[in-house]
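This report looks at salt bridges. The sequence and structure come first.

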Amino acid sequence: MIDTLKIYVLWHPQSLEAKADANLISHHFDNLGIERGGIKYRVPVRTRSEPWKPDISQEPRKIDFSEADHNIIVLLNDSYMNTESQTWNGYLNDIQSQIVVRKDNDLIVPFHRSKNLSTFNAISHIHFAHQYKWQTSIANKEAENSRLLLHLLYAIRNHLRKIWTPKASKEKLFVSHAKSDGDYTARVIVDHVNDTSHDVPLHTFYDAMELIPGEKYQDTFDQEIENGTLLAIISDIYESRPWCLYELTKAKEYKRPIVLADISKTKISRSYPYGGNLPRIRLKGTDFRTIEGLLVEVLSEGLRCDLFVRQANKAIRNKKYSNAISLPRPPELFDILNIASKNETIIYPDPPLPNIEQKILKKATNSISPFLEIKSLGEM
């Protein structure tokens, strides 16, 4: 079976720091999806470090690009790798040649781990992330790890977006919040992203202050939500504010990636019934480490949604379903009402829903659309 996405991490076997980064990447993408009963969605990560046949060649084993629709090559370049630049340059030259043949379906994402490193001739035209600068500006290993993942996730999503939706503009992070008790947190996150000294490769949409005079609120909000990722700052009064609920509901209708950042302190009088069924992160501060960790979770959810929809749509075409739709999260009554009349099958991410949820949805479909089927991708 061909994977939609596969990641390869290149690092020198003598570099302990690069090895730690390789393990970080592997662990993160091995835990990307929704988990239930030990089952979750994973993006396969492979490493290339040791020589494949030491007596014959100093290069690692070749990468078989045909095993995935898209391959991401992560290069952790440091002083160890530079001492064997000729070997690694030849290896990268072969990779670059394959990428050209495959019409740029794949991507090299290089990181400079040390200062004053030479750039390999094979990829001299590619921009490096200057990882060594983070070590002095962040001074926190956990935040440094988040920055690495943040750059990698953004590069992957941006690359796939250009291929799958070439006419789309850059995706923005829509920060939904209540002014009264969520504005401070929202503002800190937006300022952090937009501070060029932080080297965070994201774009944001904050509120009406970003509108051009004469623009219509609702039209612009709808457009930004339809093409973006929603980060909802769930404060004590968030779920009592009509505009907040409008933004959250629209993001669900558009089947966009959504992450809830919970900053509630005292009491939420009423939980919005259509604000559940989404990843929720308890935000305990607004420090550097916490914000970047949250951004990693947001981009990870976005990538998971991107990949699932792509895989599900491929399966729908292969199975020749005439009326089917892919839903990037487990279905709920909200979805039955919105799409039941237009489709006969809803495909959602594994693992399958628990029996109690399936019974509730079955009652709804029997009343609204008796021919509607709800299946996980694995059940197809």
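## Arg 282 and Asp 262

Arg 282 is partly exposed, because its relative accessibility of 45% falls between the 20% and 50% limits. In this predicted model, Arg 282 forms a salt bridge with Asp 262. The closest N and O atoms are 3.1 Å apart. Asp 262 sits in strand 9 and Arg 282 in strand 10 (residues 280–282), so the bridge ties together parts 20 residues apart in sequence.

Asp 262 is buried, with a relative accessible area of 11%.

## Glu 67 and Lys 6

Glu 67 pairs with Lys 6 in a salt bridge. Here the closest N and O atoms are 3.0 Å apart. The pair links distant parts of the chain, 61 residues apart. Lys 6 belongs to strand 1 (residues 3–10). Glu 67 lies in the loop between strand 2 (45–48) and strand 3 (68–77).

Glu 67 is partly exposed at 35% relative accessible area. Lys 6 counts as buried, at 6% relative accessibility.

## Glu 171 and Arg 256

A salt bridge joins Glu 171 to Arg 256, with 3.4 Å between the closest N and O atoms. Both residues lie in loops. Glu 171 is between helix 5 (141–164) and strand 6 (173–176). Arg 256 is between helix 8 (242–253) and strand 9 (258–262). The two are 85 residues apart, and they link distant parts of the chain.

Glu 171 is buried, with a relative accessible area of 15%. Arg 256 is buried too, at 17%.

## Network and total

Salt bridges also link Glu 17, Asp 21, Arg 113, Lys 141 and Glu 144 in a network. The structure holds 29 salt bridges.

Key. Residues are numbered from 1 along each chain as its sequence is written. This is a predicted model: local features need pLDDT of at least 70, side-chain atom pairs count only at pLDDT 80 or more; totals for chains, interfaces and linings use all residues. Side-chain values use heavy atoms; hydrogens and water are left out. A salt bridge is a side-chain nitrogen of Lys or Arg within 4 Å of a carboxyl oxygen of Asp or Glu. Helices (H or I, at least four residues) and strands (E, at least two) are DSSP runs, numbered from the N terminus. Buried means under 20% relative accessible area, exposed over 50%, partly exposed in between (1.4 Å probe, protein chains only).
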